[in-house]
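Trainee: I would like to go through this structure with you step by step, asking about one feature at a time. Could we start with whatever term we will need before the details make sense?

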Amino acid sequence: MAEKLSIGIDIGGTKVAAGVVDEDGRVLERLRRDSPTTSSLDVLDAISDITEELRRNHHIRSIGIGAAGFVDATQSTVVFSPHLAWRHEPLRDAVSRRTGLPVLVDNDANAAGWAEWRFGAAQNESDLVLITLGTGIGGAVVIDGQVYRGRYGIAGEFGHMQVVPDGRPCECGNTGCWEQYASGRVLARRAKAAAGDGTVLGKALLRDAGSLDAIGGQHVTRLAQAGDEEAVAWIAEVGEWLGSGIASLAAALDPGIFVIGGGVSDAADLLIEPARRTFAASLTGRGYRAEARIVRAHLGPEAGMIGAADMSRIRARRRRPESPGARVRIRGASRPARQPRRQR
């Protein structure tokens, strides 16, 4: 029905992807634009233009924006975006003034995590942790059907957990961050070095990419999927680092499921199986506790768009739906144990 449609907008460092999303998480129409990175006003213009175009064919109730950056706990302001010209940008109010619609803003990984909980890989779980492996590592936590944002709205930045003291320098200014060992950045760095050295794999990567600057993790994945043993080993090493970090997150959060998304997850079992093995070998209390499942995300690159639209629709309706499977689990966990009847 028309009144159940919302627009989801996923804003990253290189693109603005938008779509009309219904209440079942289906994308009815899609648009894409390049991200203007030099001016916050240009980004606002791009959002306004794309919204106007989508509203021509659909009656829209609300807009949800998933932004690559730190979003405050009120889901209104982008505090900082490393790839865009946003510094304490009041994006929610600015877009609402332009469009006349209710607007919600959240971190793009939070939006993707919500989408996977509502419509994707974690529909039957009360708690999930989403880990997105792209150039870096992002993440989201859903607890009892609520996205956990932390006191200041910046929870889920798992990529900047320090896993190697005095390790590789990170763009965040620290050293030894998890994303320096388990992300697409790792594969790209290694691939370019191999191409520069003229190794057999490096030459194959260069042929696939066309130039040294164009080489990325996706080229390693393609060669691994084609059976190149060295490429398979590179992805397995990333998977091992992934599994080790997940074991630490399990000790802190104890979710029922870890969902792995982002571009690096295209490697599928080449990545996930090493992660599962390392997770099982590293988990605190292993052998005596239940182990969370580790699965690949189901919704792909549209998860952020779908999740942002759905969260905005829910906010506009002033209610929170529940995943049926999660609702059963939550009720079962909260029900007090029956006391035995006393004998007279």
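Mentor: Let us begin with burial, where a residue counts as buried under 20% relative accessible area, as exposed over 50%, and as partly exposed in between. Please keep in mind throughout that this is a predicted model.

Trainee: With that cut-off in hand, is V95 buried or exposed?
Mentor: V95 is part of helix α2, which covers residues 91-99. The cut-off for burial is under 20% relative accessible area. V95 has a relative accessibility of 0%, and therefore it counts as buried.

Trainee: How far apart are the C-alpha atoms of S48 and V264?
Mentor: S48 has its place in helix α1, residues 40-55, and at 13% relative accessibility S48 counts as buried. Along the chain, S48 and V264 are 216 residues apart, and the separation of their C-alpha atoms is 31 Å.

Trainee: Which residues does D10 touch, not counting those up to four places away in sequence?
Mentor: D10 belongs to strand β1, residues 6-11, and D10 is buried, with a relative accessible area of 9%. In sequence D10 and A309 are 299 residues apart, whereas from C-alpha to C-alpha they are 9.6 Å apart in space. Once residues up to four places away in sequence are not counted, D10 touches K15, V16, A17, G66, D108, P301, G304 and M305.

Trainee: How are α3 and α9 oriented to each other?
Mentor: Two packed helices are described by the angle between their axes and the distance between the axes. For helix α3, residues 108-119, and helix α9, residues 303-317, the angle is about 80° and the axes are 7 Å apart. Angles of 65 to 115 degrees count as roughly perpendicular. The two helices α3 and α9 are therefore roughly perpendicular.

Trainee: How do the residues of the contact of α3 with α9 divide into nonpolar, polar and charged?
Mentor: On the α3 side the contact is made by residues including W114, R118 and F119, and on the α9 side by residues including I306, M311 and I314. Taken together, the residues of this contact divide into ten nonpolar, three polar and four charged.

Trainee: Which helices are among what covers the buried residues of α6?
Mentor: Helix α6 spans residues 217-225, and its buried residues are G217, H219, V220, T221, L223 and A224. After α6 comes G227, with a positive phi near 105°. As for the cover over the buried residues of α6, it includes α4, α5, α7 and α8.

Trainee: Is H88 buried or exposed?
Mentor: H88 is found in strand β7, residues 87-89, and its phi is near 50°, a positive value in a residue other than glycine. With a relative accessible area of 58%, H88 is exposed.

Trainee: What is the relative accessible area of D144?
Mentor: D144 lies in the loop between β10 and β11, and although it is not a glycine, D144 has a positive phi of about 50°. D144 is partly exposed, and its relative accessible area is 39%.

Trainee: What is the volume of the largest cavity?
Mentor: The structure holds one cavity of 30 Å³ or more. The lining of the largest cavity includes G69, F70, V71, N107 and N110, and the lining residues divide into four nonpolar, four polar and one charged. The volume of the largest cavity is about 40 Å³.

Conventions. Residues numbered from 1 in each chain as written. Predicted model: local features only at pLDDT ≥ 70, side-chain atom pairs only at ≥ 80, totals over all residues. Heavy atoms only, no water. Axes fitted to C-alpha atoms, helices over the stretch in contact; angles between N-to-C directions. Helix = DSSP H or I, 4+ residues; strand = E, 2+ residues; numbered from the N terminus. Parallel < 35°, antiparallel > 145°, perpendicular 65-115°, else oblique. Contact = heavy atoms within 4.5 Å. Nonpolar A, V, L, I, M, F, W, Y, C, P; charged D, E, K, R; others polar. 1 Å grid on protein atoms, 1.4 Å probe; cavity = no way out; pocket = protein on both sides within 12 Å on 5 of 7 lines; lining within 4 Å. Points joined across faces, edges and corners; volume = space filled by probe spheres on them. Buried < 20%, exposed > 50% of the residue type's maximum accessible area, 1.4 Å probe, protein only.
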